[in-house]
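Trainee: Please take a close look at one part of this model, the aromatic rings, and at what surrounds them.

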Amino acid sequence: MRLVRWAVVCALPASVFAQEPPATTARDSGQTVTPAFEGWYKNADGTFSISFGYFNRNAAEQVDVPVGPNNNISPGAANQGQPTHFAPRRHWGVFAVVVPANFGEKKVVWTINYRGKTYAIPGHLKPGWEIDALQG
């Protein structure tokens with residue numbers, strides 16, 4: 001009986017075991033860009049860095065969104081080091097916003113408006129989001 005099972009498994013293409021269904025259908029262009037909050041880490045001076053990345057859903061199209069009403073950080077200055085050029089696909093740890101030691105329960109929000117879709121992602125200092133490998 002084991003020999004029969006083994007023969008069936010060996011007869012299946014290897015790709016059957018490695019494939020996962022795609023989360024979304026990939027398109028070369030025409031898709032949106034969304035910000036991503038990745039966590040935070042404590043800096044040596046007692047401040048904190050809140051880390052962000054992004055997901056350009058396009059497989060080939062590079063996107064530009066200048067700092068301003070369509071690409072901004074709040075509270076504070078609209079430009080806090082966020083990218084304005086977005087390469088295709090997912091990018092982690094692209095930039096960090098430094099907040100004071102007494103930041104507490106406040107949030108930093110990165111907002112991107114592109115192709116008529118607005119995405120705003122809050123960054124915070126909740127304990128479960130600490131990135132201890134990146135402490136500065």
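Mentor: A charge sits over a ring if NZ of Lys or CZ of Arg is within 6 Å of the ring centre and within 35 degrees of the ring normal. Arg 57 meets this description, for it lies over the face of Tyr 119, at 6.0 Å from the ring centre. This is a predicted model, in which local features need pLDDT of at least 70 and side-chain atom pairs count only at pLDDT 80 or more, whereas totals for chains, interfaces and linings use all residues. Residues are numbered from 1 along each chain as its sequence is written, and side-chain values use heavy atoms, with hydrogens and water left out.

The structure holds 8 aromatic pairs (rings of Phe, Tyr and Trp, its six-membered ring, with centres within 6.5 Å; planes under 30 degrees apart are stacked, over 60 edge-to-face, the rest tilted). Between Phe 52 and Trp 110 the ring centres are 6.0 Å apart and the planes stand at 80 degrees, so this pair is edge-to-face. Phe 52 belongs to strand E2 and Trp 110 to strand E7, so the pair ties together parts that are 58 residues apart in sequence (strands are DSSP runs of E, at least two residues, numbered from the N terminus). Both Phe 52 and Trp 110 are buried (under 20% relative accessible area with a 1.4 Å probe, protein chains only; exposed is over 50%, partly exposed in between).

A further pair is formed by Tyr 54 and Phe 86, whose ring centres are 4.8 Å apart with planes at 90 degrees, so it too is edge-to-face. This pair links distant parts of the chain, Tyr 54 being in strand E2 and Phe 86 in strand E5 (residues 85–86), 32 residues apart. Tyr 54 and Phe 86 are both buried. Ring pairs join Phe 37, Phe 52, Tyr 54, Phe 86, Phe 95, Trp 110 and Trp 129 into a cluster.

What does Phe 52 touch? Leaving aside residues up to four places away in sequence, its contacts (heavy atoms within 4.5 Å) include Ala 36, Phe 37, Val 94, Phe 95, Val 108, Trp 110 and Ile 121.

Phe 52 also has a place in the nonpolar core. The largest such core has 20 residues, and Ile 50, Phe 52, Phe 86, Val 99, Val 108 and Trp 110 have the most contacts inside it (a core is a set of buried Ala, Val, Leu, Ile, Met, Phe, Trp, Tyr and Cys residues joined through side-chain atoms within 4.5 Å). E1, E2, E6 and strand E7 (108–114) each give two or more residues to this core.

The setting of strand E2 deserves a word. An open sheet is made of 3 strands in the order E1-E2-E6, with antiparallel pairing (two strands pair if DSSP finds at least two bridges between them). Strand E1 (33–42) and strand E6 (89–99) stand at the edges with a single partner strand each, so one side of each is left without a neighbour in the sheet. Strand E2 (residues 48–56) pairs with E6 over 8 bridges; Ser 49, for instance, has Val 98 in E6 as its bridge partner.

Finally, strand E6 also holds Arg 89. The phi of Arg 89 is near 80 degrees, a positive value in a residue other than glycine. Arg 89 is partly exposed, with a relative accessible area of 35%.

Conventions. Helix = DSSP H or I, 4+ residues; strand = E, 2+ residues; numbered from the N terminus.
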